[in-house]
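Me: I would like to go through some of the labels used for this structure and ask what each one rests on.

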Amino acid sequence: MSEKMFMQSADQMLTTLLELVAIDSVTLSAGEKYFPLRVEQVLKRIPYFHRNQSLVKNHPTSDGRSILTALYRHEEATKTVVMISHFDVVDIEDYGELQHLAFNPVELTKALHERVDELPDDAKDDLLSGNWLFGRGMMDMKCGLVQHMSLLEKAAFEEWKINLVLVTVPDEEVNSVGMREIVPKLVEMASEHGLKYTLYLNSEPMFSQVPQDEQRYFYTGTIGKIMPGALCFGKESHVGEPFSGMNACWMSSVLTGEVEWNEALSETVNGVMSPPPTLLLQRDLKKGYTTQIPHRSVSLFNLLLMKRTPVDVMAEMKEIANRAAEKMEEFIKGKYKLNQLDDSQLSTIQVYYYDELRNYAMKKTSEEYIEKMEQSIANETDGDIREQTMQIVDQMAMLCQELGPMIILFYAPPYYPAVNSVKEPIIEQIASSLIDYSRHSHDEELKAVDYFNGISDLSYAGLHADLSDMDKYNRNLPGGEKLYSIPFEDMEKVTAPVINVGPFGKDAHQKTERLHVPFSFEKLPKMLQHLMKVHESQ
């Protein structure tokens, strides 16, 4: 093969990006399955990988998709940078009648010029500047993948004295199956090739901190996300006899009132506060319409993390649930008194963790019975794993209904642990050098931010918490690791500092998703090369 590079100039990288964006790799689509095969073909055009084809691999996932890895290995180096990206994208329904152009950025951008008055002002200004290309996947995050492919090519051509592992995964937009399943493979690769993972580089795009934000950022960590759930179990009755029962939907609403936008469930690190929690799903669990009041209701909450672990979150949720239960009891007693009813037989609302309820159920039946019940419910439940977890909790509550009325706290997938490497010496050195280099060489003022606020697969780049804390998550996840597994033990084995340096774009997951071309292909590649050289020299 000809010993020359083909992914180094701005035009070359843009051509490669447009080729990859053209592949419709919406999560769970046929395009998502094909995409890594195409990346493999491109990488094997690099002479190093043409000679060492076994170093480019597609690893099948448990659900029929695949993860691509490519290793550049220098014989004298152990220091290894893992470059993480994802290639799945969200769907394109929001493009409306321009859906057919969503994966053709050049034609889409032309078409938007004919509809310029339909765009928001900031998107209109960007379009008319001529510096932006619109399209699904342009910023989130196929541009980041192309940057990594370019780095891999340059490292192999120039024989950098460092090892690089490219990892590009499916499913980041939904459950991160790809990243969770590649972690054990990274453990194997380290053993097979004598690698020492010293840095994880992601190149997710810059996310604005405020609307119309033009500041350029990079990130020394990634915000975490966890989804605590609560099943409220009341008491059934006919709607004509409401005082004989306890409406679970009402119970859920009282609890939600205690959780929604509760600043006590936010965190502040270095003067930056995480967004407060919000309700993602709430519904009763009755099967169809009847005149029986709903006595089982479930809620799922989105909670963003910086320092907290599943142990912390469960303790906070229990405190809040107990407070909500007290308010429910006070409300009921007030209504009984107003209607001159005897409240001496009213029940106290108990709050249980899922693992407490499960242990009670095992004593009532057997461990084997409960495990089979969980597996059977998961297999027979239509919908995704969140639906399966909710149905398992519901059936466990029905089995233990003598404990009611009650609130059962549990976790539903996904869980993204928070990561922050700002105090790591290598990150401090890279950050300082990158800021100086960008200012003096490219007239760009980069700003370091502790946490990438868009949720990313860097959450699984090692374990940055105590392994024992993760047991609390698994024990309170209905269905357990058989339903949704995070390889915490393997993550602990490959822990290393993280950094996210990516392209400048706007409006991820929107029909105006767009990429700033000059920054992304003229300045960013040199910044990433500088980052690698700084790390290589340490």
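**Labels and their grounds**

Me: Why is Ser-62 called exposed?

Reply: Ser-62 has a relative accessible area of 66%, and exposed means over 50%, whereas buried means under 20% and partly exposed lies in between (1.4 Å probe, protein chains only), so Ser-62 is exposed. The model is a predicted one, in which local features need pLDDT of at least 70 and side-chain atom pairs count only at pLDDT 80 or more, while totals for chains, interfaces and linings use all residues. Residues are numbered from 1 along each chain as its sequence is written, and side-chain values use heavy atoms, with hydrogens and water left out.

Me: What makes the pair Ser-62 and Glu-181 a polar contact?

Reply: Their side chains come to 2.5 Å, and the term asks for a pair of N or O atoms within 3.5 Å, one able to donate a hydrogen and the other to accept it within protein, with residues adjacent in sequence counting only if both atoms are side-chain atoms. The C-alpha atoms of Ser-62 and Val-177, 115 residues apart along the chain, are separated by 8.5 Å.

Me: Why is strand S13 said to be largely enclosed by the rest of the structure?

Reply: 10 of the 10 residues in S13 (residues 296-305) are buried, so the strand is largely enclosed. Strands here are DSSP runs (E, at least two residues), numbered from the N terminus.

Me: How do you know that S9 and S13 pair?

Reply: Pairing requires that DSSP finds at least two bridges between two strands, and 8 bridges join S9 (residues 224-233) to S13, running antiparallel. Cys-232 has Ser-297 as its bridge partner in S13.

Methods. Helix = DSSP H or I, 4+ residues; strand = E, 2+ residues; numbered from the N terminus.
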